[in-house]
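Look at the structure first, then work through the points.

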Amino acid sequence: MINNKSFEDNIIISDAQQQSSSLFISKDNNDDDGVMKIKKEQPFQYYLCFDVEATCEKGGGFDYKNEIIEFPTILIESTTFEIVEIFHSYVKPSIKPILSDFCKELTGISQTTVDVSPSFPEMLIEFQEFLHKHQLFYENTCAFITDGPWDIRDFIRKQCTISQIDRPSYFSIPWVDIRILFSRFYNCERTNIDGMLSRYGLEFEGRRHSGIDDVKNLAIIAKRMWEDGAIFEVNEDFPKWKENKKSRKRRGKCKKE
Ligand code: AMP
Ligand code: MG
C-alpha cells in the first residue's frame, strides 16, 4: 500500500489497484475512516449474480439428472455495484415432478411452490423479457457471477438437455466464478459463501441453499470485493473447463495469507 499525495485527499492505493490502467475516483466512496477508495472501471456495464437450486437426492452424483426448481438473479450495475432489479422464479420440474424429502429439506422449496410454477422453457421466456428490458448482452454488456462453476456448467447444461432446447447464447459465453476471483484477489484458498463472508466479519443472511438467499449473499460479497478494488473479469468458460481441467486445478492452488 502507498500514499498517493497527488490527490486532494489522502488516497491509499493497493498494489492490485495500481495495475489497472483505467481508474475512476468517487468521493462518495470514502470509508468510515475517511480513506478514499479508488474504484476501477469494470469490463462489463452490468453483472447478474446467479444461483440456481435443483432437484436432488441424497448422495446423487455428477450424473444425476438435476432439474432446475429455483432461478434467482440479481442485476447489479458496475459503477456502484448497487442492485438494479431482481428476477426470481421457481420452476416446475418435468421428469421427476415430485421433490424428494431431501431436496425439500435442503432448499426449503415446497411441492406446492413448484407445482404452480412455470416450466423451464416458459420461465426462460420471462427471463428473456427481463434481459430485453435492460438490454443485457445487447446494448449493455453483462456477465453472470456465480459461486463456483456448477450453476451454468452443470445445472443449465443438464436442464437444456432435459428441456430439449439449445443452450441460450448468454449461457454459452464466459462468466465470473466469484470463488476463483476471490481466491486470486485476496491470495487465499478457494472457499464457499460462508468462508468469503467471514473475511468481512459477516454471516450468511437467510437460509443456505435457498437460491434467492444464496444470490443475495453473493451480491453482498461482490460489492465488498468491488469496494476493495476487484476487477470482475470473466474467468470461467464451458469448453475450456473440459479441455484444461488439470491445469485449472493446478492454478487454483494458492498461498494462504
Ligand atoms: P447450492 O447452490 O449450494 O444451494 O446448491 C445447488 C443445488 O445443488 C441444490 O439445489 C441441489 O440440487 C444440489 N446440492 C447441493 N448440496 C447438495 C447435497 N449435499 N446433496 C445433493 N445435492 C446437493
Ligand atoms: Mg444455492
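In this predicted model, the charged end of R167 sits over the ring of F238. The distance from that charged end to the ring centre is 3.6 Å. K158 also has its charged end over a ring, that of F62, at 5.5 Å from the centre.

**Aromatic pairs overall**
- Searching the whole structure turns up 25 aromatic pairs.
- Two numbers describe a pair of aromatic rings: the distance of the centres and the angle of the planes.

**W175 and F238**
- W175 and F238 make an edge-to-face pair. Their centres are 6.2 Å apart, with 65° between the planes.
- W175 lies in the loop between α5 (150-163) and β10 (176-177), while F238 belongs to helix α9 (residues 238-243). The pair therefore ties together parts that are 63 residues apart in sequence.
- W175 counts as buried because its relative accessibility is 1%.
- F238 is buried too, at 7% relative accessibility.

**Y186 and Y200**
- The ring centres of Y186 and Y200 lie 6.2 Å apart. Their planes meet at 70°, so this pair is edge-to-face.
- Y186 is in the loop between α6 (178-185) and α7 (193-199). Y200 is in the loop between α7 and α8 (211-227). The pair links distant parts of the chain, 14 residues apart.
- Y186 has 7% relative accessibility, so it counts as buried.
- Y200 has a relative accessible area of 13%, so Y200 is buried.

**A cluster of rings**
- Which residues form one aromatic cluster? They are F50, F71, F87, F120, F127, F130, F137, F144, Y170 and F171.

Technical notes:
Residues are numbered from 1 along each chain as its sequence is written. Chains are lettered from A and ligands numbered from 1 in the order in which they are written. This is a predicted model: local features need pLDDT of at least 70, side-chain atom pairs count only at pLDDT 80 or more; totals for chains, interfaces and linings use all residues. Side-chain values use heavy atoms; hydrogens and water are left out. Rings of Phe, Tyr and Trp (its six-membered ring) pair if their centres lie within 6.5 Å; planes under 30 degrees apart count as stacked, over 60 as edge-to-face and the rest as tilted. Helices (H or I, at least four residues) and strands (E, at least two) are DSSP runs, numbered from the N terminus. Buried means under 20% relative accessible area, exposed over 50%, partly exposed in between (1.4 Å probe, protein chains only). A charge sits over a ring if NZ of Lys or CZ of Arg is within 6 Å of the ring centre and within 35 degrees of the ring normal.
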